Structures are given as structure tokens and as C-alpha cells.
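Reader: I'm new to this structure and would like to learn how to read it. Could you walk me through a few features?

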There are 2 protein chains.
Amino acid sequence: MNRTRLDDRLADLDADGYLLDASQEDANQLYLSGFTGPDPFLTLYADGEVHLLVSGLEYGRATTEAAADTVQRHADYDYEYGGREERNDMYAAFVREKGVDSVSMPPRGPVGTADALREREIDVFVDGDDRLQEVRAVKTDEEIDAIREAQKANEAAMRAAEELIAGAEVAGEDAPADGDVEPGVLLRDGEPLTSERVTEEIEVTLLRHGCALDETIVAGGAQAADPHDRGSGPLRANEAVIVDIFPRSKATKYNADMTRTFCVGEPGEILREWYDLTERALEAALDAVEPGATGEDVHAAACEVYESAGEPTFRTDPETETGFIHSTGHGIGLDVHESPRLASGGEELEPGHVITVEPGLYDPEVGGVRIEDLVVVTEDGYDNLTDYPVRFAAE
Amino acid sequence: MNRTRLDDRLADLDADGYLLDASQEDANQLYLSGFTGPDPFLTLYADGEVHLLVSGLEYGRATTEAAADTVQRHADYDYEYGGREERNDMYAAFVREKGVDSVSMPPRGPVGTADALREREIDVFVDGDDRLQEVRAVKTDEEIDAIREAQKANEAAMRAAEELIAGAEVAGEDAPADGDVEPGVLLRDGEPLTSERVTEEIEVTLLRHGCALDETIVAGGAQAADPHDRGSGPLRANEAVIVDIFPRSKATKYNADMTRTFCVGEPGEILREWYDLTERALEAALDAVEPGATGEDVHAAACEVYESAGEPTFRTDPETETGFIHSTGHGIGLDVHESPRLASGGEELEPGHVITVEPGLYDPEVGGVRIEDLVVVTEDGYDNLTDYPVRFAAE
């Protein structure tokens, strides 16, 4: 945790304290408490100290594992599991006991707790800037190492996926197509190679490398034209297959992210042109990454490559459903998506920001192409944390 | 989704609508919208209809996949990615356009959105009862089937774990102990069998059966005495090893849950007694499961077995750190932990409730024992959704 930056950013709060009510699912909570509690618990930052309130079940582990100055448990407030009003009374007592009469909460903090504290005459303000997310955006060397480690697992998983795709036979060419299998379908061991099969291979590889996973994308053909379609069913030759992997290290909880697009056989002329354009958009965007540039600048660099080739973007047509229909990238850390944004209005880049750069083109009639690297902003540019070839033909 | 129950429970709201602002990570959102959006989006229930507001990136998929009556996108409100106030203006316009001037939000809805709507003169009330969670608690036959399927994957994973443990050699008995390996450590292929190795086997098995996973627990010895310790390092003979697996079906998003405790070698007298007691507590609790009984009744049945054997529980000592130090179980569905609670104050059971029953005993000096089955409450008792033997000696 970047404690100096934390103290700095929270020092000028308009409230006496900063309050989180969340489980480890919430990256702010994980960051500030340093504790992996599966159920929601309270973390209060006040006067430079971090205070935790957890259930009896978590107490033992919290006292040894949390990055907190004090840890208390429900029994300290004679609270028994269950009663809603009693729980809110306990929360108010916990806050007030630390000399705190007003708190800031992040925008996604629970309204139930906020209103309950207000009823108990503790002022609650929404921290619209989400300061903890701003603190989290700039990584320490240790955090960068954690992300780099997760990206190494990602590289192994991408390798496994690419090999599976590259080694496929094509029904009707290398192997007979019959009534059950259409010509052009990719085959492994005589069976259609499906998105699900490649996903399984990726996820098993990630597990073997100490990573958990959320929702891997292996999408071919028209499915690849929807950037959030995870893909299903048989993959086919001459189509673009988007493989987007975002593992999370089980040990550190930090995420990585990478996308490659592969083709077996002969992509058509448009797909080939899209791949070249997207590779150029990636390079242009990466060239724009440096401290002082904004996320909007980097996004603009990618958009310009596409726009000058006549491809629609959200800048030229906010309602377009084809072309470059997402932002150029996002910060990554304890969340897969966090600050800064590489998009219109995206904030200024600082050394220590870890960001994805991931231009792409989409059209259900053609398919989808996306290439994504993960980089860290340095004093004079960036370091690419991704060590994986950019190539369309699967090898 | 239990639409009748939903309409019924939301019909007498004190507000014009019910509003969710959450991603698919939120079970209420997944339930009401039927949509797996990775980033937060709005779902408004009003006049018996479900309305979604999603980003352009999600729009195509939402129109085909969501269980919604209408789907709109940000561009319909001329909103461009980024501006906070503009986003809140869009949210208010979306709500008001549906004829809604006041909304209920669940207790864990985001305070940022609640306060922003209030500033725009839309009343926001906290639904302290979390009605959607109450609706979700009673499962349809389809939901029960989904949970049963996930439990089948769980059984395969438990089988893989038990075989790995049962097939271990013991250093200093079956195989030599040397400077690196202490006597009593379990060995596979000459290497210490670790919690991490067993967890990996479990999770790979779950993936092969179409399930994702969160945090599997494989904890032996003193680690097992902390119910939320996931376990790490070598497992040992003559100790109790708790294996707690909670997979989530990737297809349906429904969870399952099961715990077994295994021992290789000779457990001491106390551990043996604890295992018998816990098996009796499980049976007593299961016997108490029927419609009309409360979660508190079921919890009491388990507690009484332990208390009459002189073991501390939270009922006899709220601050105890040894004995039976958690509730007897919880509802399960789209969340691993949901209504009803089998604990002090736990609500009345209804047919269709799917619950875990999981008594256990803990003491760092002795270890931990927990046995957990997953059952559905029926008209006249319960059906056990768990098909796995209860035995201490791993086979």
C-alpha cells in the first residue's frame, strides 16, 4: 500500500474519517484494510490510523493478517448476530468512539449504512472523487511486481490457448466433414474445438500458475464482434478468434490482462486489414503513453489511426455499433477495471499507473480483432509488462 | 426467477419503483435483470416491468440476454463516458421517464447514486428488509436443479481431494523423513502434500465440471481451527483436515457448498469425539429442518448437542474463540451466503429455501472439525442435495 500517498490524499478530507463497509470483493477495502474478509466488515481511517470492526469469526485472522492499527469484534459491542438496528447502533458507536462525528464514504459504499449513521447523527458525505481509487491507481514497486507475476501466468495461459488453436485440423480440409461437423470447423482429436474447450485449457493453466480467474473470453466469428461476449461453441478456420484473459493472483489479489487475436487458415482481406490497423493503433497508443499525457490523449492516438482509415469510433459516432466501440484501456490493480481511464475525459497519467492498451475493431458481418498489452507508466514513458508475440496466424 | 413472488413482494413498496445500480457481482442485480454485465448498470422495477440502462458496449448483448421489458443505453441520453454529474443526470432522467418519483434501493446499493438522485428530487428509501433477497431465498424447481448440478461438480471435486489425501504416504512411516521433511508430513510422489496442492486438484476438477470457484478451504491442524483460514503448507497424519468447497456454475451462476473433514492415520481421542459429536449435531440440525421451524430452531438443535457435551457455543459464551463458533448454516443461491440464516434470530423456513447445515468444533490446540450438507426445505421436511459419504478416515 502506498501509505504516504494515502495519508496525503485523505489528509484534507472534509470529514473526520473515511469509512468503508465492504468485503474483500471491494478493492478499496482490500487495499485499506489489508484483510481478506469474505463478509462485509468496517474499516475506518481516522487521524492516520486504520481501525477494523469484524465478526467474531474473523477476529483471530484479522488480528494477525490485517494491515490495521486496531481490530475490534462485534462482541466488544455486545452485538449478537442478526438485529439490524442493533448492528447500526454498533457501527455508530464504533465510529464515534474513535472521536469521529463525520465520515466520507466512497460513491459505491452502502446507502443502508450511510443513512443509518445519519439517523444516529453522524454526518456522511459521498467522496465523489473516490480518493482511495486515486491512491490505488499509482502502484508501488511491490504492486507492479505482483501484476507482472500475474501477467506471467497469463502468458503461459495464452501460450496454451494458442497452441490448442494452432494445432487444430480443419474439417473438410485436413479431416473429413460429416453430417455432424460443418466444413471449416476446427477439430482436435476429431472433435470440434470449442470456445469452452480453449477456455478450460486457459483456466486450468492459470490455476496451475497460482491464479484465479473470472470470465475468460474466447470468441470467434460474429461472437468476437461483441467485446463482452465470452464465446461458445465450435471455432472455425478463416475467422478471427479473440482470446482475452484476465487472471488474478490468488496470493496477491492483483490482476493482469492481455488480449490476442488468432486465425487458423486464411483471413479475408478485411480481417487482415483490421489486424494491421489494430496493430498500428496499439503502437500509436503506446507511443502516446508518458507522464503528463492524459488518458484522452492515448485514446485519441488509437482513434486517429482508425478514423483516418475510415473506421467509425465513439468519437465520430457515439451510437455506432461497429468500428472501435470501446475505450482504449483502463487502469488495473486489485480491480480489473480501475483508474485511470484511457477514454474521452481520461485523467493525466502518472508514473506508477498500470494500464491496459487495447484497441479493437468489431462488426458482426466481419468479426472482431483486439490486441491488448499491459504497461506501467514510468518517468519517461512506459515499460511493457507483456511478453507475448503479436501475430494473427496462430503458431 | 420467481416472478409471482417478486411481483407480490414488491407490490406494496412505499416507493414508485425499486432501483438497482450494480454489476453482475451483485446477486440481486443478476436475479432481477437476468443480465451478466461486468460493470455496474441500472435496473428499475416499476409497475411490474423491468427496465435496464446499460453502456453502449453492453447494449447488444443486453437486448438479447437480459430478462428485461425494456433496455436502453447511455447514448439514448446523449451521455458520453466519464462525467459524474452528467451520469447522475442521466440516471435521474431514466428513472423519471418511467413515471417514477421515488425509489427503494437495497441496503447495499451505492450511496453515491442514492444521494445524487435525492439532489435531483427523487426520493430514495432504503429497503432494510432487502426484499429481493427475500424473494431470492425461495427457489424455483429450476433454481434447485441448478444448485443440485453445482453440488454434483462439488462431489467430484471432493472425491478428487479425498483420494489425494487418502493415497498419501506418511513421512517417517511409509517413507523416510529427512532433513527437509518432518516425520508425520503427508507425501505424494515423495513430495509433501500441501493444502495448495489439494486445492489445485479440487479447482481443476471444478473447472472440468463447468464450475468457477472462489476460495476453497483445505486446512489441517491448527489452521483448521480458524473456520475462514484457507490453509497453506504441508498436511500431516493424525490431524483433522477440513475440506470446504463452494463452486459456482459458470452457466447458471448458482452456487453449491459442502464440507468434509478427513484424517490419515490415528486421530487422537478428542478429535475422534469431536467428529462423532459433529456428526450428531449435523443429524440433530437436519432433523429440525421443516417448514415453520425457524433458522434459530435448527441452530439450537446443533448447539444443544455440543452444549450437552460441555463444548462452548456462541449461545453460552459470545466471546468464546473455541467450540462451536459460527452459525449452523445459511441460505445459498446466486450468493454463497444469503437468506435464511440458521442462527440466533434466524427466520422461519419455507419450502424452496436451500440451506447449508454445517456444525463444527474448533480449538487451535486440537484442530477443527466441520461437516456440511446442502439441503432444500420441502413441504414436509427436506431433501438432501448432497451425495457424499460422511467419514473421518479418508478412503
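**A helix and its surroundings**

Author: Happy to. In helix α5(B), the residues V111(B), G112(B), T113(B), A114(B), D115(B), A116(B) and L117(B) are buried. Keep in mind that this is a predicted model.

Reader: What do the buried residues of α5(B) pack against?

Author: Elements of both chains. From chain A, the partners are α5 (111-119) and β6 (123-126). From chain B, they are β1 (17-22), α4 (84-97), β5 (102-105) and β6 (123-126).

Reader: What is the phi of E121(B), which follows α5(B)?

Author: Its phi is positive, near 65 degrees.

Reader: Let's turn to charge. Which residues form a negative surface patch?

Author: That patch is made by E169(A), E173(A), D174(A), D189(A) and E191(A). Take D174(A) as an example: you'll find it in the loop between β7 (169-170) and β8 (186-188) of chain A. D174(A) has 48% relative accessibility, so it counts as partly exposed.

Reader: How many positive and negative side chains does chain A have?

Author: There are 33 positive and 88 negative ones, and the centres of the two sets lie 4 Å apart.

Reader: And how many helices and strands are in chain A?

Author: Chain A has 10 helices and 21 strands. Of its 395 residues, 61% count as buried.

How values were computed:
Residues are numbered from 1 along each chain as its sequence is written. Chains are lettered from A and ligands numbered from 1 in the order in which they are written. This is a predicted model: local features need pLDDT of at least 70, side-chain atom pairs count only at pLDDT 80 or more; totals for chains, interfaces and linings use all residues. Side-chain values use heavy atoms; hydrogens and water are left out. Patches are made of residues with over 30% relative accessible area and no salt bridge: like charges are joined within 9 Å, nonpolar side chains (Val, Leu, Ile, Met, Phe, Trp, Tyr) within 5 Å. Accessible areas come from the Shrake-Rupley method with a 1.4 Å probe; for residues, only the protein chains shown count as cover. A salt bridge is a side-chain nitrogen of Lys or Arg within 4 Å of a carboxyl oxygen of Asp or Glu. Lys and Arg count as positive and Asp and Glu as negative; His and the chain ends are not counted. The place of a charge is taken as NZ of Lys, CZ of Arg, CG of Asp or CD of Glu. Helices (H or I, at least four residues) and strands (E, at least two) are DSSP runs, numbered from the N terminus. Buried means under 20% relative accessible area, exposed over 50%, partly exposed in between (1.4 Å probe, protein chains only). Contact means heavy atoms within 4.5 Å.
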